[in-house]
Amino acid sequence: MEKSLELDAFEQLSLDHQQVSAKLSELEALFSDLPSELSTELEAKLKGFMQFIDEEVWAHFHFEEESLFPLLDAHFPGENAPVAGGPVRVLREEHKIIRRLFQRFEQAIRSSQADWKAGAEVRLTGVQLATAFHKHIYKEDFVVFRLAKNLLSEEERRRLNEVWDRSFNPRKST
Ligand SMILES: [Fe+2]
Ligand SMILES: [Fe+2]
């Protein structure tokens with residue numbers, strides 16, 4: 001996804017979210033009028049969406065899981081026990097759900113290439129995936145990131161931005 005040198009990690013993550021939301025809208029538009037057979041055009045659009053997720057979204061998840069969430073864990077020590085319901089635990093769980101739904105969606109697309117009767121499953125799993133993404137993005141942008149900006153110290157935010165730059169701004173890492 002487009003990375004700017006001027007934005008901090010939270011702004012970049014939210015920019016990624018906007019790009020994912022735009023892709024999800026394109027996908028949902030496909031489902032609102034799914035043709036009775038799998039055309040080459042539809043197949044290309046579905047594959048384009050899968051490729052976008054593979055190339056862009058998993059790197060975003062990885063950054064959140066490896067760099068952002070551990071910083072936040074320190075601010076919610078009691079809530080991260082296995083049975084408690086801290087906000088970071090919920091986000092981690094949602095990442096797992098999204099990854100699982102993505103696999104089911106991928107599988108449905110593969111099945112539909114052999115038999116378009118599986119098109120209904122493509123729509124079902126695609127809608128579930130889009131819904132899970134929308135909820136997750138909303139939660140991060142409007143709840144957890146806002147909270148995080150208040151909780152993290154300047155030093156923690158500086159470290160976070162450094163990792164972001166190393167991960168996504170190759171021009172800065174040299
Ligand atoms: Fe995110
Ligand atoms: Fe996330």
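In this predicted model, helices α2 and α3 pack at an angle of about 165 degrees. Their axes lie 11 Å apart. Helix α3 spans residues 87–114. The angle makes α2 roughly antiparallel to α3, because angles over 145 degrees count as such. The crossing of the two helices is left-handed.

Both helices contribute a series of residues to this contact. From α2 come L46, M50, I53, F61, E65, F69, L72 and D73. From α3 come V88, L91, R92, H95, F102, E106 and I109. By class, the contact of α2 with α3 holds 10 nonpolar residues, one polar residue and four charged residues.

Helix α2 (residues 40–73) also packs against helix α1 (residues 9–32). Here the angle is about 160 degrees, and the axes are 11 Å apart. Helix α1 is therefore roughly antiparallel to α2. The crossing of α1 past α2 is left-handed.

On the α1 side, the contact is made by L13, D16, V20, K23, L27 and L30. On the α2 side, L42, K45, F49, F52, V57 and H60 take part. The residues of the contact of α1 with α2 divide into eight nonpolar, one polar and three charged.

Terms used:
Residues are numbered from 1 along each chain as its sequence is written. Chains are lettered from A and ligands numbered from 1 in the order in which they are written. This is a predicted model: local features need pLDDT of at least 70, side-chain atom pairs count only at pLDDT 80 or more; totals for chains, interfaces and linings use all residues. Axes are lines fitted to C-alpha atoms, for helices over the stretch in contact, and angles run from 0 to 180 degrees between N-to-C directions. Helices (H or I, at least four residues) and strands (E, at least two) are DSSP runs, numbered from the N terminus. Angles under 35 degrees count as roughly parallel, over 145 as roughly antiparallel, 65 to 115 as roughly perpendicular and the rest as oblique. A crossing is left-handed if the near helix is turned anticlockwise from the far one by less than a right angle, and right-handed if clockwise. Two residues are in contact if their C-beta atoms, placed from the backbone, lie within 7 Å. Ala, Val, Leu, Ile, Met, Phe, Trp, Tyr, Cys and Pro count as nonpolar, Asp, Glu, Lys and Arg as charged, and the others, Gly among them, as polar.
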